[in-house]
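I opened my notebook to get to know a new structure, one entry at a time. Come along as I look things up.

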Amino acid sequence: MPTYHYIAENPEEGCARCRRGFDLRRPVSRPPLTQCPLCKKPVRKVIMPVNVPRVTKPLSASDAKSAGFTVLEKRNDGSYEKL
């Protein structure tokens with residue numbers, strides 16, 4: 001079940017919880033919340049960035065081989081040779 005982040009549409013009117021924002025686990029099939037569960041003021045769903053690992057250096061042929069990939073090199077005649 002995914003976790004969604006909600007925050008008050010108007011922070012001056014919301015309670016302490018929705019002013020700072022809160023996380024809520026909900027099924028994907030359910031529609032997003034429109035009001036805070038505590039104070040019933042309008043809230044909106046915030047799109048949060050996704051944590052994705054970044055490759056800091058290009059992979060070398062030896063790194064690819066150790067990861068289980070087959071490394072091929074293209075020759076002048078259009079054929080490929082396994083390294």
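**Entry 1: the sheet.** In which order do the strands of the open sheet lie? A note before I answer: I am reading a predicted model. I found 3 strands in the order S2-S1-S3, and their pairing is antiparallel. S2 and S3 are the edge strands, each pairing on one side only.

Entry 2: I took the strands pair by pair. S1 covers residues 3-8 and S2 covers residues 22-25; they run antiparallel, joined by 4 bridges. On its other pairing, S1 meets S3, residues 43-46, again in the antiparallel sense and over 4 bridges. For a landmark in S3, I noted Arg 44, the bridge partner of Ile 7.

**Entry 3: His 5.** Next I picked a residue in strand S1, namely His 5. Is His 5 buried or exposed? I found a relative accessible area of 18%; the cut-off for buried is under 20%, so His 5 counts as buried. Its bridge partner in S2 is Asp 23, and in S3 His 5 stands opposite Val 46. The side chains of His 5 and Asp 23 are also joined, by a polar contact of 2.6 Å. I then listed what His 5 touches, leaving aside neighbours within four places in sequence: Gly 21, Phe 22, Asp 23, Arg 44, Lys 45, Val 46 and Met 48.

**Entry 4: aromatic rings.** How many aromatic pairs does the structure hold? I found 1. In this pair, the ring centres of Tyr 6 and Phe 22 are 5.8 Å apart and the planes meet at 25°, so the pair is stacked. Why does this pair tie together parts that are 16 residues apart in sequence? Because Tyr 6 lies in strand S1 and Phe 22 in strand S2. I checked burial too, and both Tyr 6 and Phe 22 are buried.

**Entry 5: Asn 10.** Last, I left the strands and went to the loop between S1 and helix H1 (16-20), where Asn 10 lies. Asn 10 has a relative accessible area of 31%, which makes this residue partly exposed.

Definitions and conventions: Residues are numbered from 1 along each chain as its sequence is written. This is a predicted model: local features need pLDDT of at least 70, side-chain atom pairs count only at pLDDT 80 or more; totals for chains, interfaces and linings use all residues. Side-chain values use heavy atoms; hydrogens and water are left out. Two strands pair if DSSP finds at least two bridges between them. Helices (H or I, at least four residues) and strands (E, at least two) are DSSP runs, numbered from the N terminus. Rings of Phe, Tyr and Trp (its six-membered ring) pair if their centres lie within 6.5 Å; planes under 30 degrees apart count as stacked, over 60 as edge-to-face and the rest as tilted. Buried means under 20% relative accessible area, exposed over 50%, partly exposed in between (1.4 Å probe, protein chains only). A polar contact is a pair of N or O atoms within 3.5 Å; within protein, one must be able to donate a hydrogen and the other to accept it, and residues adjacent in sequence count only if both atoms are side-chain atoms. Contact means heavy atoms within 4.5 Å.
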